[in-house]
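Morning, everyone. I'd like to talk through the disulfides in this one. Have a look first, then I'll start.

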Amino acid sequence: MASLPPSLSSILFLTLALLLMSALPAFSSSRKSLDDHHGQLIKAGFKATLTSIDSGRNFTTIERLHRQMKRGRSRHKKFSEIRTTVYPTIGEFVMSLSIGTPPLPYYATMDTGSDLIWTQCKPCLHCFPQSTPLFDPKNSSSYSKVSCSSNFCKALPISNCRCNGCHYLYNYGDGSFTAGVLATETFTFGEVSVPNIGFGCGELNSGNGVQDSAGLVGLGRGPLSLISQLDEPTFSYCLTSFLGTKPSTLWMGSQASSVNCPSSSGKTKTTPLIRNPADPSSYYLSLEGITVGSTKLPINSTTFAIQPNGSGGLIIDSGTSFTHLEDTAFSLVEKEFISQVKLPIAKNESDSSGILCFQLPSGSVSVDIPSLVFHFQDADLDLPRENYMITDQNTGVMCLAMTDSSGLGLTIFGNIQQQNFLVVHDLTKETVSFTRTECDQC
């Protein structure tokens, strides 16, 4: 699908970015290139704390749902545009880390839907506001530019050589982008320092996707991502309730496959990862059907399949809140919930989000909510009620936390549906596993 026409401001910034790539001064370096260090592993693994971008803010439950729906709609559109020349947009969780020697603390957005690691850097032609000082490579003894001949530089979608350095331009589907110098640096996650991580030192950055952070850590399947650079092809996360205040957790390396949360319960459900040649960085799963209550919905067997042109399919994504179902499938899910819940639909004339909400009865009357099962290949995932039906007692409404795909065909399994599951991505076995867990106890 063709990308949307960029705004005038995006055109101006992209023009500046292209000029930047041909005119930026370069930092001298006598260090080895990224390729010389690519085999270094972090055998002990590490974990990082994740915080929702809406955590601690004074929003009602419904306001948070609408904010997440708006971000999800935008993000879903970028995933569908990935078949052209753009990459997915940015996500919902920020992680704490430190960059450089000596290490300086930063917050970066975690994104399983893209690859590049980057932060805003001095000198900066245009940077969005952030809570920490801009990273200054001149003040770090471990900073080193990446050579133009490196495989890492060659893996960039857009790059240019200047002064023996690799300059990059990395686009996102909404017109956001980062441009600057590709380099290596020491990143510190908790107590673990990882040298020679390839990253973008962004000196021209535009977009609203990176909220409350200084950059992004890509966890996709491509060679630019943190997963690929560590050569430890397992990571896991446990996302706490989006209505709560406790942080979530990300595990990398050897720790990711041996997480032992005292609250884990139930059988682990494992489903294979599948490949989409048109989108090699994203994590695709095979969804075979959906059951609401005792009703297996009459969804066509090809509805969630990857099409020959690379469209369609289902992506599991940490950066999208609501699940976005292919339109015909969502219509069946919506009709079945309306039929089984048997409550009046809540109307809000000022709301165009398309969220299905029910008006709750007054008093303490209990409401029967039908179960919801996603039938992945080899894994029937029975979702907890709070993972798909959100109640706002203040307004007396109850809303289904999923929506349609706006005609784009791609299904995204969002993070609300993943909350309080330990989700393990094993790229050696090519699987994703789910285990019911109280994530705030991990």
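Start with Cys-153 and Cys-166: the torsion about their S-S bond is about 85°, so this disulfide is right-handed. By disulfide I mean a pair of cysteine sulfur atoms within 2.5 Å. Here the S to S distance is 2.1 Å. The link joins distant parts of the chain, 13 residues apart. Cys-153 is in helix H3, residues 151–154, and Cys-166 is in strand S7, residues 165–171. Helices (H or I, at least four residues) and strands (E, at least two) are DSSP runs, numbered from the N terminus. Buried or exposed? Both Cys-153 and Cys-166 are buried. Buried is under 20% relative accessible area, exposed is over 50%, and partly exposed is in between, with a 1.4 Å probe and protein chains only.

Now the ground rules. This is a predicted model, where local features need pLDDT of at least 70, side-chain atom pairs count only at pLDDT 80 or more, and totals for chains, interfaces and linings use all residues. Residues are numbered from 1 along each chain as its sequence is written, and side-chain values use heavy atoms, with hydrogens and water left out.

How many disulfides are there by this rule? Seven. I'll take two others.

One joins Cys-121 to Cys-201, S to S 2.0 Å. Its torsion about the S-S bond is about -105°, so this disulfide is left-handed. Cys-121 lies in the loop between strand S4 (118–120) and strand S5 (144–145), and Cys-201 lies in strand S9, residues 192–206, so the pair ties together parts 80 residues apart in sequence. Both Cys-121 and Cys-201 are buried.

Next, Cys-124 and Cys-127. Their sulfur atoms are 1.9 Å apart, and they form a disulfide. This link is right-handed, with 110° about the S-S bond.

Last, confidence. pLDDT is the predictor's confidence in each residue, from 0 to 100. The protein averages 80, and 75% of the residues score at least 70. Residues 1–14 have a pLDDT below 50, and this stretch has 21 contacts beyond near neighbours in sequence. A contact means heavy atoms within 4.5 Å. Residues 20–42 also stay under 50, and there the model has 66 contacts beyond four places in sequence. Where pLDDT is low, the predicted coordinates should not be read in detail.

That's it from me.
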